[in-house]
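Subject: Structure handover

Hello,

Here is the structure I said I would pass on. My notes on it follow below.

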Amino acid sequence: MFKLTQVKKIFWPVLVQVPAEGGAVQKFEFDAEFEIPTLKEHDDHMAAGGDVLERWLTGNFKRVKDEAGDQDKPNGNETKAELLDINHVRNGLLAAFYQAYHGRAAARKN
């Protein structure tokens with residue numbers, strides 16, 4: 001039985017491909033929480049020139065460590081801003097958001 005309900009927030013895996021020497025990439029994964037908008041909310045936001053990740057990435061994360069890899073980065077807007085400022089991380093976040101938004105299975109690291 002299908003229940004007609006709107007998913008409001010969900011943690012979703014984010015695959016990040018970090019550039020490495022020689023044209024290779026290293027693959028890493030973390031979880032990010034997204035708000036899932038309705039179609040109308042999404043379309044209205046995009047028509048107004050809005051940024052999907054600024055609007056629907058909540059700032060809650062799992063498995064994001066500091067540069068040394070010793071401690072978890074704190075949830076919140078500061079960590080969100082740091083992640084959004086790195087292009088290859090932003091690409092992974094956008095892919096993850098649209099997988100969740102469209103109800104497609106997450107791309108998992110092998």
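Two strands pair if DSSP finds at least two bridges between them. With that in mind, the bridge partner of Trp12 in β2 is Ala32. Please note that this is a predicted model.

The sheet

Three strands make up an open sheet, ordered β1-β2-β3, and the pairing is antiparallel. Because β1 and β3 stand at the edges with a single partner strand each, one side of each has no neighbour in the sheet. From one strand to the next the twist averages 40°. Two helices pack on this sheet. α3 touches β2 and β3, and its direction makes about 90° with that of β3. α4 touches β1, β2 and β3, and its direction makes about 145° with that of β1.

Strand β1 covers residues 9-20 and strand β2 covers residues 24-35; 12 bridges join the two.

Trp12

Trp12 sits in strand β1. Is Trp12 buried or exposed? Its relative accessibility is 14%, so Trp12 counts as buried, the cut-off for buried being under 20%. Beyond its neighbours within four places in sequence, Trp12 is in contact with a list of residues that includes Phe30, Ala32, Phe34, Ala96, Gln99 and Arg104. With Gln99 there is also a polar contact between side chains, at 3.2 Å. Glu33 is 21 residues away from Trp12 in sequence, yet their C-alpha atoms are 6.2 Å apart in space.

Helix α4

Gln99 belongs to the buried residues of α4, along with Val89, Gly92, Leu93, Ala96, Phe97, Ala100 and Tyr101. These buried residues pack against β1, β2 and β3, and also against α1 (39-47), α2 (52-56) and α3 (77-84). An α-helix has 3.6 residues a turn, so residues three or four places apart point the same way. The helix itself runs over residues 87-102, which is 16 residues, and reaches 22 Å from its first C-alpha to its last, close to the 22 Å expected at 1.5 Å a residue. Just after α4 comes Gly103, with a positive phi of about 70°.

The core

Which residues have the most contacts inside the largest nonpolar core? They are Phe30, Ala32, Phe34 and Leu93, in a core of 21 residues. At least two residues of this core come from each of β1, β2, α2, β3, α3 and α4. The largest share is that of α4, with six residues.

Phe30 shows how these parts meet. Leaving out residues up to four places away in sequence, Phe30 touches Trp12, Pro13, Val14 and Val16, and its other contacts include Phe61, Val64, Leu83, Val89 and Leu93.

Glu29

Glu29 lies in strand β2. At 18% relative accessibility, Glu29 counts as buried, because buried means under 20%. Its side chain makes a polar contact of 3.3 Å with the side chain of Arg63.

Regards

Conventions. Residues numbered from 1 in each chain as written. Predicted model: local features only at pLDDT ≥ 70, side-chain atom pairs only at ≥ 80, totals over all residues. Heavy atoms only, no water. Helix = DSSP H or I, 4+ residues; strand = E, 2+ residues; numbered from the N terminus. Buried < 20%, exposed > 50% of the residue type's maximum accessible area, 1.4 Å probe, protein only. Contact = heavy atoms within 4.5 Å. Polar contact = N/O pair within 3.5 Å; in protein donor to acceptor, adjacent residues only side chain to side chain. Expected span 1.5 Å × (residues − 1). Core = buried A, V, L, I, M, F, W, Y, C linked by side-chain atoms within 4.5 Å. Axes fitted to C-alpha atoms, helices over the stretch in contact; angles between N-to-C directions.
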